[in-house]
Amino acid sequence: MRSPLPVRNGVNATRLRLPSEGPWETALDYILDRFDHVDPDGIGRRFDRGEVVALGGEVLTRSTPLGEHTFVWYYRELPIEERLPVELTVLHRDEHLLVVDKPHFLPTTPGGMYVAESALVRLRVELGLPDLIPMHRLDRMTAGILMFSVEPGTRGAYQLLFENRRISKEYRAVAPVRPELHLDTEPLDVRSRIVKSRTYLLAQEVEGPANTHTTVSLLEQRGDRGLYRLQPHTGKTHQLRLHMASLGLGIVDDPFYPVLLPQAPDDYTRPLQLLAHSIAFRDPITGADRRFESGLALRGFA
């Protein structure tokens, strides 16, 4: 269902479903009741400015009856955000795709306390690309290759690559070395069942059929730490971090695994040592083999 309101300041309008009936005479009455914690005068002014519209673009007024429209769209009042001291680097741009190096600490998409300070909104605004959509996501604490669709008309072809797992990804991570695992000579396939609740911060490995698969190998050792190649064959939340921790190889500066540390302000000098290093695929539009590689490096292994 396409929004009748355009992207504004890099952010999509919010969709709201209205009930067909109830104790409210107007759509405004329902919205004021539902969002009673929000400034009611501010909500009214959005109606006065014509910023609340229905699917066909009809503008709702303060007197629009409840039940006249099922879905409405409106612009959220965005908080003032301090710019994060990290920057995106554009690696590739054409009529279909945009590929960037995402820094640590910057979320991929708006969420929670980060709206303008997300890769998606920054890029939409800075590059003038309101239709930009991420093809995949990286955790806020993970840096590296992030690919976006520029053109809505060809977006579906690239989405199918991800849905059909025809994308090859490689990550790099810095972690302790366990010589007895022989990961420098024998890559290890890690499989487990991972679940992630919306109400709990951490993902967990549980009994049951495996739904995740990662290949782990050691590329280089310096002192008691190593640079690892991680090849995810599935894409569950926190999969790589949890699989490394399960091997006794917790990624350096990971505040979640294997031990959840007390919440603290971001320390920009100690980012999680996990990097989305490369992505490769056969382009569904041109048929060419494509590979994009991050220009970033992990601490101690530049």
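I count a residue as buried under 20% relative accessible area, as exposed over 50% and as partly exposed in between, with a 1.4 Å probe and protein chains only. By that rule Arg229, at a relative accessible area of 26%, is partly exposed.

I am working on a predicted model, in which local features need pLDDT of at least 70 and side-chain atom pairs count only at pLDDT 80 or more, while totals for chains, interfaces and linings use all residues. Residues are numbered from 1 along each chain as its sequence is written, and side-chain values use heavy atoms, with hydrogens and water left out.

**Entry: salt bridges**

I took a salt bridge as a side-chain nitrogen of Lys or Arg within 4 Å of a carboxyl oxygen of Asp or Glu. The structure has 24 of these salt bridges.

I looked up Arg229 and found a salt bridge to Glu170, with 3.4 Å between the closest N and O atoms. Arg229 belongs to strand 12 (residues 225-232) and Glu170 to strand 8 (residues 168-176), so the pair ties together parts that are 59 residues apart in sequence. I take helices (H or I, at least four residues) and strands (E, at least two) as DSSP runs, numbered from the N terminus. Glu170 counts as buried, at 17% relative accessibility.

Next I looked up Arg178, which meets Glu180 in a salt bridge of 2.8 Å, N to O. Glu180 is partly exposed at 48% relative accessibility, and Arg178 is partly exposed at 31%.

For Arg290 I noted a salt bridge with Asp283, the closest N and O atoms being 2.7 Å apart. Both Arg290 and Asp283 are buried. I also noted one network, in which salt bridges that share partners join Arg8, Arg46, Arg49, Glu51 and Glu77.

Arg8 has a further entry: its charged end sits over the ring of Tyr75, 3.9 Å from the ring centre. The test is NZ of Lys or CZ of Arg within 6 Å of the ring centre and within 35 degrees of the ring normal.

**Entry: nonpolar cores**

I define a nonpolar core as a set of buried Ala, Val, Leu, Ile, Met, Phe, Trp, Tyr and Cys residues joined through side-chain atoms within 4.5 Å. The largest has 36 residues, and those with the most contacts inside it are Leu132, Phe148, Val216, Tyr228, Leu230, Met244 and Leu274. Among the elements that give two or more residues to this core are helix 3 (119-127), strand 11 (212-222), helix 5 (239-246) and strand 13 (274-282).

I followed Met244, leaving aside its neighbours within four places in sequence. Met244 is in contact (heavy atoms within 4.5 Å) with Ala175, Val216, Tyr228, Leu230, Leu249, Gly250 and Ile251. A second, separate core of 15 residues includes Ala27, Leu28, Ile31 and Leu60.

**Entry: aromatic pairs**

I pair rings of Phe, Tyr and Trp (its six-membered ring) if their centres lie within 6.5 Å; planes under 30 degrees apart are stacked, over 60 edge-to-face and the rest tilted. The structure holds four aromatic pairs.

For Phe105 and Tyr268, the ring centres are 4.7 Å apart and the planes at 65°, so the pair is edge-to-face. Phe105 is in the loop between strand 5 and helix 3, and Tyr268 in the loop between helix 5 and strand 13, so the pair ties together parts that are 163 residues apart in sequence. Phe105 is buried at 3% relative accessibility, whereas Tyr268 is partly exposed at 35%.

I then looked up Phe281 and Phe292, a tilted pair with 6.3 Å centre to centre and 40° between the planes. Phe281 lies in strand 13 and Phe292 in strand 14 (residues 289-293), eleven residues apart. Phe281 and Phe292 are both buried.
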